[in-house]
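Student: Hi! Could you take one buried spot in this model and go through it closely, then walk me outwards to the rest of the chain and the ligand?

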Amino acid sequence: MTDPRRRVPRTDTLLTDPRLAEAERTLGRTLVKSVIADAQQRARAGEIAPEHVADHAVAALPSAAVSLRPVINATGVVVHTNLGRAPLSRTAVDAVVTASGATDVEFDLATGRRARRGRGTLAALARAVPTAGGVHVVNNNAAALLLAAMTLAPGREIIVSRGELIEIGDGFRIPELLESTGARIREVGTTNRTHLRDYTDAIGRETGFILKVHPSNYYVSGFTSAVAVTDLAGLGVPLVVDIGSGLLTPHPVLPDEPDATTALRHGADLVTASGDKLLGGPQAGLLFGSAELIERLRRHPAARALRVDKLTLAALEATLVGPPTPVHLALTADVAALRVRAERLAAQLPGALVVDCVAAVGGGGAPDVGLPSAGISLPEPLAAALRAGTPPVVGRVEAGRCVLDLRTVAPDEDGRLLEAVAACM
Ligand SMILES: *Cc1c(COP(=O)(O)O)cnc(C)c1O
């Protein structure tokens, strides 16, 4: 018997297979060669026949030169941080593609001179929050807070309530982030109660600003009290409000969620927010304030290190001016319509049950809000198989069942969801 290793086709021979040659053009040589190497290895180990190496390599080719895979979010968590937070709208994706080549992000085509970077996006943001005298965009909300601390409180104190010293996830803590700039945190009040006099007693020559943080990923209930933005405004020191979620105006489904317009109207000097939570856009940090204050932030030397790229600017503008975002559609979807979709899916999947369930806002937003929802319930062992499928489907394991919550699945994804589930059953 001949040694199977001798008969495994060589890499350069395999690269002449038209399918692999085409993949080399679209995905790149490195990636295709690594896929070929895996198939050759399996042939040497006797797992596949040498004459099938090319077929196995073709089957193992990724659809794109990126290890990230598109996933169907059936978790019922609308803004799922581990699944990339807000999914972009089709309009925003198109805008990213438009801006991906050479583009006039910082160039005036009429004069042929340099122009203000991202001016169209900034204008759209300013139109969306007319109460703001100025707007600025950085990499994320953490960067927005960093810029505020570096500009307004270098070597000075930031006054924060003990009830608002929050950890935002993966071990990142807002107080530590702020202290990394050299500012000092002046904690006031207690975990459950902070009063206006706690703030006024702390104000002094060392004060850089008062920071009010929306404790978006938890809530304290019972014997509590916090000081409203209106009461913290006008104390003679700047008031920075981190609203977290990124709502620009009040949201009908989330009446308790803070928004930029209201915070400014109530007297905040500076508002910071994320772009990829409830706003439904790309990762970004949004800053709203007076024109003078925003200009100071923009002129800080470190601002350059926090600036966003053209793809983010494009996606953000399209999110602001375009049709309702997937996040907005998920938050406002009618539960009766979700149930109809669940029934239609279950009818085609033997063993699937239609269930009422409760979806969540997520992304560190409105932890106390449950959104009535509907989905299908499957045997629990399917959860792992669904995650391993193509496309991967991520559901929620609840009371020994795998629940696929349709509130976070766009209606036009139902077909793919059905195929993915059917393939696992
Ligand atoms: C999410 C959140 C942040 C962090 O925002 P990133 O955009 O992820 O940097 C900061 N503050 C609050 C209140 C948040 O909810």
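**A close look at Glu-157**

Tutor: Happy to! Leaving out residues up to four places away in sequence, Glu-157 touches Arg-184, Arg-186, Ala-202, Glu-206, Thr-207, Gly-208 and Phe-209, where contact means heavy atoms within 4.5 Å. This is a predicted model, so local features need pLDDT of at least 70 and side-chain atom pairs count only at pLDDT 80 or more, while totals for chains, interfaces and linings use all residues. Residues are numbered from 1 along each chain as its sequence is written, and side-chain values use heavy atoms, with hydrogens and water left out.

Glu-157 sits in strand S6, residues 157–161; helices (H or I, at least four residues) and strands (E, at least two) are DSSP runs numbered from the N terminus. With a relative accessible area of 13%, Glu-157 is buried. Here buried means under 20% relative accessible area, exposed over 50%, and partly exposed in between (1.4 Å probe, protein chains only).

Thr-272 belongs to strand S12, residues 270–274, and its side chain makes a polar contact of 3.5 Å with that of Asp-242. Setting aside neighbours within four places in sequence, the contacts of Thr-272 include Asn-141, Ala-144, Val-240, Gly-244 and Leu-286.

Asp-242 leads on to the ligand: among the 14 residues around the ligand, Asp-242 comes nearest together with Ala-142, Ser-216, Ser-274 and Lys-277, near meaning that a heavy atom lies within 4 Å. A polar side-chain atom of Ser-274 is 2.7 Å from a ligand oxygen. For Ala-142 a backbone N or O atom lies 2.9 Å from an oxygen atom of the ligand, and for Arg-85 a side-chain N or O atom is 2.9 Å from one. The protein covers 94% of the 380 Å² of accessible area that the ligand has on its own; accessible areas come from the Shrake-Rupley method with a 1.4 Å probe, and for residues only the protein chains shown count as cover. Helix H8 (141–152) and strand S11 (239–244) are the elements that give two or more residues to this shell.

Helix H6 (residues 90–99) shows how burial can be arranged: Ala-92, Ala-95 and Ala-99 are buried. They lie on the same side of H6 because they cover an arc of only 55 degrees around the axis, the arc being that of the directions from the helix axis to the C-beta atoms. Arg-90 and Val-97, on the other side of H6, are exposed. Helix H14 (310–321) is included in what covers the buried residues of H6.

Stepping back, the protein chain has 18 helices and 18 strands, and 45% of its 425 residues are buried. Of the contacts between residues at least 6 apart in sequence, 72% join residues at least 24 apart. Along the principal axes, the C-alpha atoms fill a box of roughly 90 × 55 × 40 Å.

Technical notes:
A polar contact is a pair of N or O atoms within 3.5 Å; within protein, one must be able to donate a hydrogen and the other to accept it, and residues adjacent in sequence count only if both atoms are side-chain atoms.
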